[in-house]
Amino acid sequence: MSTCVFIQIRCRPGTTYRVAEEIALREIHSELYSTSGDFDLLMKLYIPKREDVGVYINDHLLDIDGIERSLTTMTFKVF
């Protein structure tokens, strides 16, 4: 079973649309939203099973030019 994570992304000023376009081209997200507040984008991502969450995010997302900071929220099946 894959791991669902939510990633908030802060972009350098003027790069949000470019970052969002690059994420869309990589086709790694389940959902991607523009947000207001401390972060510019909110992404829902399913990490393939047997993949290390941190390594996967670093290798598939955080190498995009324009990303300044990210905050990952892990989810767990409770019910």
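This is a predicted model: local features need pLDDT of at least 70, side-chain atom pairs count only at pLDDT 80 or more; totals for chains, interfaces and linings use all residues.
**Salt bridges, sheet and core**

At 27% relative accessibility, Glu31 counts as partly exposed. Glu31 makes a salt bridge with Lys44, with the closest N and O atoms 3.6 Å apart. Since Glu31 sits in strand S2 and Lys44 in strand S3, the pair ties together parts that are 13 residues apart in sequence.

A search of the whole structure turns up four salt bridges. In one of them, the side chains of Asp65 and Arg12 meet, at 3.1 Å from N to O. Asp65 belongs to the loop between H2 and S4, and Arg12 to the loop between S1 and H1, so this pair links parts that are 53 residues apart in sequence. Asp65 is exposed, at 53% relative accessibility, while Arg12 is partly exposed, at 35%.

Another salt bridge stays inside a helix. Arg26 pairs up with Glu22, and their closest N and O atoms are 2.9 Å apart. Both residues lie in helix H1, four residues from each other, or about one turn of the helix. Arg26 has a relative accessible area of 27%, so it counts as partly exposed; Glu22 gets that label too, with 29%.

Next comes the sheet. Four strands form an open sheet in the order S2-S3-S1-S4, with antiparallel pairing. The edge strands are S2 (31-34) and S4, each of which pairs on one side only. From one strand to the next, the twist averages 20 degrees.

How many bridges join S1 to S3? The answer is seven, in the antiparallel sense, and one example is Cys4 in S1, whose bridge partner in S3 is Tyr46.

H1 touches S1, S2, S3 and S4, and its direction makes about 20 degrees with that of S3. H2 touches S1, S3 and S4, and its direction is at about 125 degrees to that of S3.

In soluble globular proteins, nonpolar side chains tend to be buried together. In this model, the largest nonpolar core has 18 residues. Which of them have the most contacts inside it? They are Ile7, Ile9, Ile23, Leu45, Ile57 and Leu61. Strand S1 (3-11), helix H1 (16-26), strand S3 (41-47) and helix H2 (53-60) each supply at least two residues of the core.

Ile7 makes a handy example. Setting aside its neighbours within four places in sequence, Ile7 is in contact with Leu41, Leu42, Met43, Leu45, Ile57, Leu61, Ser70, Leu71 and Thr72.

Conventions
Residues are numbered from 1 along each chain as its sequence is written. Side-chain values use heavy atoms; hydrogens and water are left out. A nonpolar core is a set of buried Ala, Val, Leu, Ile, Met, Phe, Trp, Tyr and Cys residues joined through side-chain atoms within 4.5 Å. Buried means under 20% relative accessible area, exposed over 50%, partly exposed in between (1.4 Å probe, protein chains only). Contact means heavy atoms within 4.5 Å. Two strands pair if DSSP finds at least two bridges between them. Axes are lines fitted to C-alpha atoms, for helices over the stretch in contact, and angles run from 0 to 180 degrees between N-to-C directions.
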